[in-house]
Amino acid sequence: MNDPGPDHLVLVGMMGVGKSTVGRMIAAELDRPLHDSDEMIEERTGRTVREIWLTDGEPAFRALESEVLVESLAASEPSVIAAAGGVVLSEANRDALRGPEAHVVWLQADVDVLLERVRRGVHRPLLDDDPEATLRTMYEQRAPLYQEVADAIVSVDNRSINDVARAVLRCCG
Ligand code: S3P
């Protein structure tokens, strides 16, 4: 396997695309620490993403999302970062992702594939009502933003998680 070098390897993409699972596999393969944004937020606050979102509101959640991204990118040890899906909404975050310390891979999927996968998760209050319409609108809004920060794009459609992890490692070597 190729090692992506001194940069942080950052996975971005829509909810349900597999950033956390693929991130965990790649981090193990490269023997790097994994920074998973949602997990970091939950550890730091002692609350679930859903609780923060529903009690404090989206802006408070987005501030935490940015805080953990900036912190992960500032770490001196090269890592794998599974960034939360909404991280690209902030211009400051996009600037940070375009910086020299980040090698960004956009994990891309059809909305139909995402829909099938998000049925299993509980930490996505944004999808409580009409997940299909929400995901389609969100995809249209966010695809250009993921594109803007991506150094590479890996499609997950018709690929096992294992194959996706291998494709990411191949593209970033
Ligand atoms: C969000 C994605 C979720 C979580 C929150 C908001 C988003 O993380 O941070 O529900 O706005 O796309 P995942 O991308 O890990 O599902």
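Visitor: In this predicted model, how many nonpolar, polar and charged residues make up the shell around the ligand?

Guide: Sorted by class, the shell around the ligand holds seven nonpolar, three polar and five charged residues. Together 15 residues surround the ligand, and the closest are Lys-19, Asp-38, Arg-62, Arg-124 and Arg-142.

Visitor: Which polar atoms of the protein lie by oxygen atoms of the ligand, and at what distance?

Guide: A polar contact is read from a pair of N or O atoms within 3.5 Å. Here a polar side-chain atom of Arg-142 is 2.6 Å from an oxygen atom of the ligand, while the backbone contributes a polar atom of Gly-85 at 2.9 Å from a ligand oxygen and a polar atom of Gly-86 at 3.4 Å from a ligand oxygen. As for cover, the ligand on its own has 390 Å² of accessible area, of which the protein covers 97%.

Visitor: Which pocket does the ligand take up, and which elements give two or more residues to the shell?

Guide: The ligand takes the space of the largest pocket, and the elements that give two or more residues to the shell around the ligand are helix H3 (49-56) and helix H4 (58-74).

Technical notes:
Residues are numbered from 1 along each chain as its sequence is written. This is a predicted model: local features need pLDDT of at least 70, side-chain atom pairs count only at pLDDT 80 or more; totals for chains, interfaces and linings use all residues. Side-chain values use heavy atoms; hydrogens and water are left out. A residue is near a molecule or strand if one of its heavy atoms lies within 4 Å of it. A polar contact is a pair of N or O atoms within 3.5 Å; within protein, one must be able to donate a hydrogen and the other to accept it, and residues adjacent in sequence count only if both atoms are side-chain atoms. Accessible areas come from the Shrake-Rupley method with a 1.4 Å probe; for residues, only the protein chains shown count as cover. On a 1 Å grid over the protein atoms alone, a cavity is a set of points where a 1.4 Å probe fits but cannot get out, and a pocket is an open set with protein on both sides within 12 Å along at least five of seven lines; lining residues have an atom within 4 Å of a point. A molecule sits in a cavity or pocket if more than half of its atoms lie within 2 Å of its grid points. Helices (H or I, at least four residues) and strands (E, at least two) are DSSP runs, numbered from the N terminus. Ala, Val, Leu, Ile, Met, Phe, Trp, Tyr, Cys and Pro count as nonpolar, Asp, Glu, Lys and Arg as charged, and the others, Gly among them, as polar.
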